[in-house]
Amino acid sequence: MADVTYLGNPNLKRANVQQEWTKKQLLEYKRCMEDPLYFIQTYVRIVSLDEGLVPFKMYPFQKEMVGTFHNNRFTICKLPRQSGKSTVMVSYLLHYALFNPSVNIAILANKAATARDLLGRLQLAYEHLPKWLQQGVMSWNKGSLELENGSKILASSTSASAVRGGSYNIIFLDEFAYVPSNVAEQFFSSVYPTISSGKSTKVMIVSTPHGMNMFYKIWTDAEEKRNSYIPIEVHWSEVPGRDEKWKKETIANTSEQQFNTEFECEFLGSIDTLISPSTLRRLAYRTPIQSNANLDIYEKPIEDHTYLLTADVSRGTSNDYSAFIVFDVTSVPYRMVAKFRDNEIKPLLFPQRIHQVAKAYNTAFVLIEVNDIGEQVANAMQYDMEYDNMIMASMRGRAGQILGGGFSGGRAQLGVRTTKAVKKIGCSNLKQLVEDNKLIVEDFDTINELSTFIVKGSSHEADDGCNDDMVACLFIFGWCTDQTYFKELTNNDIREQMYRESQDQLEQDMAPFGFVINGLEDDNIGTAVDEYGTRWSPIVRTYESDW
């Protein structure tokens, strides 16, 4: 008898093997094809840590997930750790590959090893299907498989090149919140056109939150019905066995911060961000009124308004971004009205972009960070383009750098050097401006960077794998707001204004008070006259007008 196994694996059927069917099997096959939930609960086997290989007994929320996947093209799921999200996903993908001929499926994760592990789970479930349910195997390895019905499954890391050039019916993105922001952006810009070209193609995104990144943006837009994704949210208490006792034990073994991120599914689990988590949660981004060539415009120039542009310069090597932000500083609260962000633009071309936008915004005042290659950009603006409103800084001994509009003494330079003092003051001012609603930030990329700008040692920096180029523009602006030259330009003393407001609030919050007589005072004390000639009683502080 000829060998019908694939490469000697007794659990796999090779291609082109004839299958005899009973009437019962045909009816069962038809039912499995039409009902993925029935197929998964009846035939899929999974590995339990306690019991080994067992049938997949689905939780109620997992059954709802399968129905949502099956009936919708775009799905995004926000789930806690260890909730069986990966298992339900690969079970549905197994059904899709078996009962739909000539489909391509991509399993993508933040790490290639994770994606291969997911494919391995799918392959394990496949091996334990009855032979009459299996398709013959054409190829079978750790990174991909192909079945005789023409269906293919690929496992890879999420990157712009992962599925470039291919045509996929389903793209499954696991732990998408942990994919670096720049990679996530490149992925969607290069891959999404191939997905949207079909009428039945699907995108399924599943993750535990990790900051206010692209996963956060897609999720928020889905909740607000600004995109086509159907949101699925699962609370940790929906997983059997998880109650308040389990929660207390988990927090005791880890931390409350970790629990809030991994099980409460809060987008901001970190307590170490420069801007307080409560403030970051209320920051709402909005869609720019115009976007083109990495320039996002939120408000067009207004006649007679004063604008300030701050810029952070990179080398254009795809690691960091060259960025600038345009602020309307006419009145308080200041507003972020435009932003540019590009990780490929060369320093040679960046001055032209700054010049173009600054001229449009009423010849805005321009302040460039000149620690490294930025000095070349500032010099090009001043000498090659003869831009009039460049802001300079002079070294004034212990006072550090002082802003000015020209070479007014001291060691003057075009732009500002980001020293430890400048960054410390800038971050402190930025924190107060944002938290007190004196600076309006509505740009998604900027809010994203603020959510990962954390304490590191005695300073603040971007979290690992994140960027802080937009935040650099913000804290340079924050440093500016306390400079005398800035106050003269804008006629706004933000520190004085915030002090007055805090004093007014303090006076409003102070409750009336009186004196307590303990019996040891002079019995002759009954009334007194204050410095204004008003008589009052120290016992209850009652004024003569009230007698």
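Visitor: Which residue of strand 12 does K78 stand opposite?
Guide: This is a predicted model, in which local features need pLDDT of at least 70 and side-chain atom pairs count only at pLDDT 80 or more, while totals for chains, interfaces and linings use all residues. Residues are numbered from 1 along each chain as its sequence is written, and side-chain values use heavy atoms, with hydrogens and water left out. Strands (E, at least two residues) and helices (H or I, at least four) are DSSP runs numbered from the N terminus, and two strands pair if DSSP finds at least two bridges between them. Strand 5 runs parallel to strand 12 (residues 230-233), joined by 4 bridges, and there the residue opposite K78 is E233.

Visitor: Which residue of strand 11 stands opposite F74?
Guide: Strand 11 (residues 202-207) pairs with strand 5 in the parallel sense, over 5 bridges. Within that pairing, the residue opposite F74 is V203.

Visitor: How many residues of strand 5 are buried?
Guide: Buried means under 20% relative accessible area, exposed over 50% and partly exposed in between, with a 1.4 Å probe and protein chains only. F74, I76 and K78 point one way from strand 5, whereas T75 and C77 point the other way, and all are buried. For strand 5 (residues 74-78), the count is therefore 5 of 5.

Visitor: At roughly what angle do the axes of helix 14 and helix 15 cross?
Guide: Axes are lines fitted to C-alpha atoms, for helices over the stretch in contact, and angles run from 0 to 180 degrees between N-to-C directions. T446, E449 and L450 in helix 14 meet D469, M470, V471 and L474 in helix 15. The axes of helix 14 (residues 444-451) and helix 15 (residues 469-480) come within 8 Å, and they cross at roughly 90°.

Visitor: How are helix 1 and helix 4 oriented to each other?
Guide: The axes of helix 1 (residues 23-34) and helix 4 (residues 85-99) come within 10 Å and cross at roughly 120°. Angles under 35 degrees count as roughly parallel, over 145 as roughly antiparallel, 65 to 115 as roughly perpendicular and the rest as oblique. Helix 1 and helix 4 are therefore oblique.

How values were computed:
Contact = heavy atoms within 4.5 Å.
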